[in-house]
Every structure is written in structure tokens, then in C-alpha cells.
Amino acid sequence: MSIDFKKFSGIGMTSDSSREKLVSMLKSEGIKNSDVLRSMRSIPRHIFVDEAIASKAYDNTALPIGKSQTISHPLIVAKMTEIIMKYKPKRVLEIGTGSGYQASVLSLLVDKVYTIERIEYLHKKSKKIFQKIGFKNIYTKYADGNIGWTQKSPFDAIIVTAGAINIPDALMNQLSNNNGILVSPVENSGKQYLKSITKNNDHYKEEIHGIVKFVPLLSGIS
Ligand code: SAH
């Protein structure tokens with residue numbers, strides 16, 4: 001689908017060159033999947049942050065999105081997306097909608113994106129942006145993501161965008177048994193590691209993809 005940038009304000013930041021620079025940085029940092037690069041080139045990251053900091057939207061940095069939460073580094077978004085795209089998922093669940101940026105990047109790559117947010121303010125704000133852009137394949141829910149979204153399961157892929165101490169069992173149960181892939185920051189001894197787990201006929205394989213820094217995965221709604 002094509003995105004109508006004219007609907008959004010932002011001085012010069014909608015220019016292709018800002019996003020082209022971002023894509024060059026992603027490539028130089030090792031992102032290879034051309035579909036992921038194409039999607040990140042298309043999605044205007046500045047519309048997911050407040051106008052006051054929009055000029056920083058294409059830097060490789062986490063930025064505040066309100067309620068003490070952050071939009072993730074573009075490199076981390078690209079990395080997590082690249083990890084799951086290896087498995088060619090069609091139905092993806094995201095825990096932690098936040099600004100809606102990661103869900104938007106996914107929406108150009110997969111059939112259906114289900115995304116859960118526990119902060120009502122962010123849930124409503126991101127939903128409005130999805131509507132404004134015109135995404136038809138993003139389904140949002142205001143809930144505690146620890147329990148997943150049973151009615152819509154199984155998912156080919158699950159992306160957790162907040163740091164967990166333990167990956168919730170409910171999410172593992174809602175992951176497809178046929179090459180399902182979950183990626184999540186997991187905390188261990190004060191550090192967060194990006195972990196992926198593949199699931200095949202109840203056989204699990206784990207991999208660590210470096211150190212990351214996400215806000216914590218919390219319980220309940222707010
Ligand atoms: N993916 C987001 C970045 C997320 S920041 C983006 O692209 O902008 C992490 C988000 O996870 C925050 O919005 C936080 O409120 C949310 N979160 C934390 N714990 C959660 C939970 N148990 N269920 C759902 N969302 C949660």
C-alpha cells in the first residue's frame with residue numbers, strides 16, 4: 001500500500017533523503033532483508049513522535065512518546081523485524097503498541113498485525129494514527145499483553161517490545177507450532193538480551209541477538 005504523506009505535517013522531514021539516510025545506516029549496521037529496508041524507507045517515523053522532537057525522528061535513537069514510554073531505536077525495530085521475517089509470518093502479534101511505529105513497519109510486510117497496549121492513552125493515540133494512515137490490517141487491543149490474544153491465536157510470530165523477566169507462558173502457548181517465532185528482550189542479572197525462540201511441534205530453540213534496552217513489560221492496564 002502507498003502512504004499519503006500530505007496528511008501529515010513536518011518541516012522537510014517527510015523528505016525521502018531523511019529516510020534514505022536512515023536506510024543507509026540500517027544497511028551499514030548489518031540489516032540485509034530488502035523487504036524490511038523497503039518498509040522502513042516507506043514509514044515516516046516522525047509522525048509517531050511529538051512535533052517538538054520530530055527533527056530527531058530519523059536518528060538512531062529511542063525517543064519519548066509520553067507516559068514515560070519510548071519509541072524503539074530504528075535499528076532495533078529493523079533487527080526484530082528481520083529476525084521474524086526469516087520465517088515468512090502471515091499473522092503477527094505485537095506486545096507493546098507504544099507509538100505504533102513497529103506495528104506500521106510490520107503492516108507493510110505481513111497479512112495481519114495484532115497489537116496490544118496496556119496504557120490507554122497510547123492505545124488511543126496509535127489507533128488514531130493507524131486510521132489516519134489508512135492501515136486496514138492492524139488490529140489493536142487495550143489490555144495486558146502478558147495474556148496475549150487467545151481468540152486470534154495461533155500467531156506465526158510474536159514480537160514483545162518491552163523487557164520481560166520471563167517470557168509469559170500464554171504467549172508461548174499462542175505461538176504457532178509450525179515454525180512459530182517469538183522475539184523479546186529478556187532481562188537477566190540487570191541486563192536485557194534480545195532473545196528469539198522458535199517453536200516446532202513443541203520443540204523449542206533459543207538464540208540471543210545481543211544486548212538491548214527496552215522499558216519493562218508490566219502487568220495490568222493503566
Ligand atoms: N513498539 C513500540 C515501542 C514500545 S515501548 C513502538 O513501536 O513505538 C513499550 C510499550 O510496551 C509501552 O508502550 C508500554 O506501555 C507497553 N507495555 C509494557 N508492558 C505491557 C503489557 N504487559 N502489555 C501491553 N503493553 C505493554
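Tutor: A cavity here is a set of points, on a 1 Å grid over the protein atoms alone, where a 1.4 Å probe fits but cannot get out. Before going on, keep in mind that this is a predicted model, where local features need pLDDT of at least 70, side-chain atom pairs count only at pLDDT 80 or more, and totals for chains, interfaces and linings use all residues. Residues are numbered from 1 along each chain as its sequence is written, and side-chain values use heavy atoms, with hydrogens and water left out.

The largest cavity holds about 50 Å³ of space, a volume being the space filled by probe spheres set on the points, which are joined across faces, edges and corners. Its lining residues (an atom within 4 Å of a point) are Phe48, Ile65, Gly98, Ser99, Leu122, Lys125, Ser126 and Ile129. Helix H5 (residues 120-133) gives the largest share of that lining, four residues; helices (H or I, at least four residues) and strands (E, at least two) are DSSP runs, numbered from the N terminus. By class, the cavity lining has four nonpolar, three polar and one charged residue. Nonpolar means Ala, Val, Leu, Ile, Met, Phe, Trp, Tyr, Cys and Pro, charged means Asp, Glu, Lys and Arg, and the others, Gly among them, count as polar.

Now for open space. A pocket is an open set of points with protein on both sides within 12 Å along at least five of seven lines. The largest pocket has a volume of about 410 Å³. It is lined by 34 residues, and those nearest its centre are Gly96, Glu117, Thr161, Ala162 and Val215. Strand E2 gives the most to this lining, three residues, and the lining as a whole has 17 nonpolar, 12 polar and five charged residues.

What takes up this largest pocket? The ligand does, where sitting in a pocket means that more than half of a molecule's atoms lie within 2 Å of its grid points. Around the ligand are 28 residues, the closest being Glu94, Ser99, Glu117, Gly145 and Leu218; to be near, a residue needs a heavy atom within 4 Å. Ser99, then, turns up in the cavity lining too.

Taken alone the ligand exposes 580 Å², and the protein buries 99% of that (areas by the Shrake-Rupley method with a 1.4 Å probe). Strand E2 (69-71), strand E3 (91-95), helix H4 (101-107) and strand E4 (112-117) each give two or more residues to the shell. E2 again has the largest share, three residues. The shell divides into 12 nonpolar, 12 polar and four charged residues.
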